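Let's take a walk through a protein model together. Have a look at the picture first, and then we'll go through it piece by piece.

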Amino acid sequence: MSEGLTFICLSVLIAAVGAAEVIAPLRTTPADNLRMREGASFKTAVFADLHFGENAWTEWGPRQDYNSVGVMSAVLDNEQPDFVIYLGDVITANNIMIENASLYWDQALSPTRARGIPWSSIFGNHDDAPFEWPLEWFSETGIPQLHCLTANASFAGGEECSFRGTTRLELMKSEIEQNTLSFSKDGPRNLWPSVSNYVLKLSSASNSQEPVVFMYFFDSGGGSYPEIISNAQVKWFQKKSEEINPDSRVPEIIFWHIPSKAYKKVAPKFNIHKRCVGSIFLENVAPQEAEMGMMKVLEKRPSVKAVFVGHNHGLDWCCPHKKLWLCFARHTGYGGYGSWARGARILEINQQPFSLKSWIRMEDGSTHSEVILSS
């Protein structure tokens, strides 16, 4: 394979998606409503920067996807979370030459789906980037032979191979329609091309109408459009939060992929605030291209407890910022840059009294960097 540079569209799927997957049960709650379990905390695993589909025409690429499945499986088996969040850069679309990149997206979801755990996802800057032709294809070895899907294949895509890529809307539509455990949404149409904008309510075990926390998800751009959270998204959050949480009584948690500029100010490289909690501070923050006002709104809202992002693989810290916390996840996937050990950020929510605790669970089973984010 390495000598002939043979590209096989479905090779990475075989490594991780097996016949042993559990059939997902139907939802028993509304599409935007999660439930606490009686007498138990609510635990969430955050998988960031998986980068499935990288260098699929080499031996290296499929092996990294296989290893990424191993990381997620280890975290899920150790933590047994109630929910999973895919925090962007699920795939490296600029490395995926088939039209239906949802095949790789589906592989990334497979460890969570196989265990019957519900999840939600948001987009990162690599998830719908245009295909970039590898320079080695124009060397003496030439363009690899293409083995496309056959016309009678059971997978979507027919017999086509395409370099067009798969859009955010197509990826989200595929996830939602094919997975009853997915709580993801394609967001209000007036916010497109920003797609993954929605809010989920975590309700009390005893009363589905009693909110314990609201979780907001945002598409921070990149790939097919600039790396920003737009003013339109800010206004959507203001309107939505006023509608469902007018007195700011219920705690709120925020998720997006690319850090805001506030992250760069709170913990510049080599000058970490003494109250920051983490294990790797090994690169500069790579923030969004512009700040359109989202952070100012969050800073003024007393119910907002923490913001969680990915994007920087060499950062896994949480730092206090005004009355809230700014946190990075942990690089989960073997795709993408960096050789740091892989893991995932874990969140644990308790209802009475409300508390939000977080730590990092590593692939080898160890934990570190525990921090209370609700104080």
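Which residues of helix H4 (residues 168-178) are buried? They are Arg168, Leu171, Met172, Ser174 and Glu175. Looking down the axis of H4, you'd find these buried residues within an arc of 160°, so they line one face of the helix.

**The whole chain**

Keep in mind that this is a predicted model. The protein chain holds seven helices and 15 strands. Of its 375 residues, 57% are buried. Now take the contacts between residues at least 6 apart in sequence: 72% of them join residues at least 24 apart.

**The cores**

The largest nonpolar core has 32 residues, and those touching the most other members are Phe47, Leu50, Phe52, Val84, Tyr86 and Ile91. Two or more residues each come from strand S3 (42-47), helix H2 (60-79), strand S4 (83-87), H3, H4 and strand S13 (343-350). Which element gives the largest share of this core? That's H3, with five residues. Apart from this core lies another one, of 31 residues, including Phe214, Val234, Trp317 and Leu324.

Let's zoom in on Tyr86. Leaving out residues up to four places away in sequence, Tyr86 touches Phe47, Leu50, Met72, Ala108, Leu109, Thr112, Trp119, Ser120, Ser121 and Ile122.

**A glycine in a loop**

Gly88 is found in the loop between S4 and H3. Is Gly88 buried or exposed? Its relative accessibility is 1%, and since buried means under 20%, Gly88 counts as buried. Again not counting residues up to four places away in sequence, Gly88 touches Ala48, Asp49, Ile122, Phe123, Gly124, Asp127 and His257. Val309 is 221 residues from Gly88 along the chain, yet 8.7 Å separates their C-alpha atoms.

**Rings**

How many aromatic pairs does the structure hold? There are 21 of them. Here are two to compare:

| Aromatic pair | Centre to centre | Angle between planes | Arrangement |
|---|---|---|---|
| Phe131 and Trp137 | 5.9 Å | 45° | tilted |
| Tyr216 and Phe237 | 4.8 Å | 75° | edge-to-face |

Phe131 and Trp137 are both buried, and both belong to one aromatic cluster together with Trp57, Trp133 and Phe138. Tyr216 and Phe237 are both buried as well.

The charged end of Arg342 sits over the ring of Tyr334, 4.7 Å from the ring's centre.

S11 pairs with strand S12 (residues 324-328) in the antiparallel sense, over four bridges. Which residue in S12 is the bridge partner of Cys319? It's Leu326.

This hairpin has two residues between the strands, and Lys322 takes a positive phi near 55° there, although Lys322 is not a glycine. With 62% relative accessibility, Lys322 counts as exposed.

Strand S14 (residues 355-362) and strand S15 (residues 367-372) also pair in the antiparallel sense, over four bridges. Lys357 has Ile372, in S15, as its bridge partner. Four residues lie between these strands, and in this hairpin Gly365 has a positive phi near 100°.

Another positive phi in a residue other than glycine belongs to His311, near 80°. His311 lies in the loop between strand S10 (304-309) and S11. At 14% relative accessibility, His311 counts as buried.

Finally, look for the cis peptide bonds. One joins Trp192 and Pro193, with omega about 15°, and Pro193 sits in the loop between H4 and strand S7 (198-203). Another joins Gln352 and Pro353, with omega about -10°, and Pro353 is placed in the loop between S13 and S14.

Technical notes: Residues are numbered from 1 along each chain as its sequence is written. This is a predicted model: local features need pLDDT of at least 70, side-chain atom pairs count only at pLDDT 80 or more; totals for chains, interfaces and linings use all residues. Side-chain values use heavy atoms; hydrogens and water are left out. Buried means under 20% relative accessible area, exposed over 50%, partly exposed in between (1.4 Å probe, protein chains only). The arc is that of the directions from the helix axis to the C-beta atoms. Two strands pair if DSSP finds at least two bridges between them. A nonpolar core is a set of buried Ala, Val, Leu, Ile, Met, Phe, Trp, Tyr and Cys residues joined through side-chain atoms within 4.5 Å. Contact means heavy atoms within 4.5 Å. Rings of Phe, Tyr and Trp (its six-membered ring) pair if their centres lie within 6.5 Å; planes under 30 degrees apart count as stacked, over 60 as edge-to-face and the rest as tilted. A charge sits over a ring if NZ of Lys or CZ of Arg is within 6 Å of the ring centre and within 35 degrees of the ring normal.
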